[in-house]
Amino acid sequence: IMKQVHTNIPTGSFPTADNVISKAIDIKSGKLPSEYSSMDPRVTVKNEYFVSGTEPKEVDDVHVAVTVCESSGLLATPWCPNPVHKVAIKRPGGSVSGVEDAIYDAPTTYCHLHNLDPSKYPISEGSTVDPNFVPSLPSDEDKTNPDEGEGTGNENGNESETNPPSVPPVVTTGTPDNNSTKPDWLN
């Protein structure tokens with residue numbers, strides 16, 4: 001029906017007012033895109049129109065970079081064998097169950113499968129640390145001969161063979177709190 005109505009009408013575009021501008025925004029935060037916005041696989045950066053002066057001024061703080069354990073999907077501890085870096089969503093009120101895109105939420109607790117210190121790297125309520133987990137140490141072939149002057153450091157760069165690194169490989173945003181191993185957005 002619409003094709004018949006528009007048969008003799010030339011195609012064109014709508015005129016825009018002088019005070020209307022187009023800006024790219026992140027649709028999850030409603031703010032200007034950050035470096036992480038374009039990494040969201042759902043393509044959350046869109047162009048929107050605003051009356052000049054009403055466009056967002058703040059940068060997206062909903063997308064954050066996290067390092068998670070590939071096995072558990074939770075924040076990686078220093079003992080996680082396969083940490084994965086990814087972009088996730090930090091919801092203002094925290095994760096909400098039942099939301100269709102909850103799979104993109106940033107975890108707020110640490111891996112319970114590879115965790116030797118849950119007091120420092122808290123696990124979720126109801127989870128227990130795997131009692132059979134033994135951190136992998138370098139084999140004798142991997143160790144450097146101390147007589148060669150290169151020390152006996154392990155693959156993590158520590159001088160002790162049994163001490164894992166004390167800081168987890170977690171990518172944070174903003175200014176890190178030097179007294180905490182948690183990403184700053186968890187505080």
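Predicted model: local features only at pLDDT ≥ 70, side-chain atom pairs only at ≥ 80, totals over all residues.

Student: Which residues make up the largest nonpolar core?

Tutor: There are 10 residues in it: Val 64, Val 66, Val 68, Leu 75, Trp 79, Ala 88, Ala 106, Tyr 110, Tyr 121 and Phe 133. Strand S3, residues 63-69, gives the most to this core, with 3 residues. As a general point, nonpolar side chains tend to be buried together in soluble globular proteins.

Student: What is Ala 88 in contact with, leaving aside neighbours within four places in sequence?

Tutor: Ala 88 is in contact with Val 62, His 63, Val 64, Val 66, Tyr 104, Asp 105 and Ala 106. Val 87, which lies in strand S4, touches Tyr 36, Met 39, His 63 and Val 64, again not counting residues up to four places away.

Student: What is the overall layout of helices and strands in the protein?

Tutor: The protein has 1 helix and 4 strands, and along the sequence they follow the pattern α-β-β-β-β. Of the contacts between residues at least 6 apart in sequence, 54% join residues at least 24 apart. Buried residues make up 27% of the 187 residues, and the protein exposes about 12400 Å², with carbon and sulfur atoms supplying 51% of that area.

Student: How many disulfides does a search of the whole structure find?

Tutor: The search finds 0 disulfides. Take Cys 69: the nearest cysteine sulfur, that of Cys 80, is 3.7 Å away, and Cys 69 is in no disulfide. The cut-off here is a pair of sulfur atoms within 2.5 Å.

Student: Why is Cys 69 called buried?

Tutor: Buried means under 20% relative accessible area. Cys 69 has 1% relative accessibility, so Cys 69 counts as buried. Cys 111, with a relative accessible area of 0%, is buried too.

Student: What makes the pairing of Asp 101 and Arg 42 a salt bridge?

Tutor: The test asks for a side-chain nitrogen of Lys or Arg within 4 Å of a carboxyl oxygen of Asp or Glu. Between Asp 101 and Arg 42 the N to O distance is 2.5 Å, and their side chains meet in a salt bridge. Asp 101 lies in the segment after strand S4 (83-89) and Arg 42 in the loop between strand S1 (20-26) and strand S2 (45-51), so the pair ties together parts that are 59 residues apart in sequence.

Student: Which other residue forms a salt bridge with Asp 101?

Tutor: Asp 101 forms one with Arg 91, where the closest N and O atoms are 2.5 Å apart. Arg 91 counts as partly exposed at 21% relative accessibility. A network of salt bridges links Lys 28, Asp 40, Arg 42, Arg 91, Asp 101 and Asp 105. Across the whole structure the search finds 8 salt bridges, including one between Glu 55 and Lys 57 at 3.0 Å, N to O. Glu 55 counts as buried at 15% relative accessibility, while Lys 57 is exposed at 58%.

Student: Where is Ile 1, and why is it called exposed?

Tutor: Ile 1 sits in the segment before helix H1 (2-5). Exposed means over 50%, and Ile 1 has a relative accessible area of 81%, so Ile 1 is exposed. Together with Met 2 and Val 5, Ile 1 forms a nonpolar patch on the surface, with about 370 Å² of accessible area together.

How values were computed. Residues numbered from 1 in each chain as written. Heavy atoms only, no water. Patch = residues over 30% accessible without salt bridge, like charges linked within 9 Å, V, L, I, M, F, W, Y side chains within 5 Å. Areas by Shrake-Rupley, 256 points an atom, 1.4 Å probe, with all protein chains shown as cover. Helix = DSSP H or I, 4+ residues; strand = E, 2+ residues; numbered from the N terminus. Buried < 20%, exposed > 50% of the residue type's maximum accessible area, 1.4 Å probe, protein only. Contact = heavy atoms within 4.5 Å. Core = buried A, V, L, I, M, F, W, Y, C linked by side-chain atoms within 4.5 Å.
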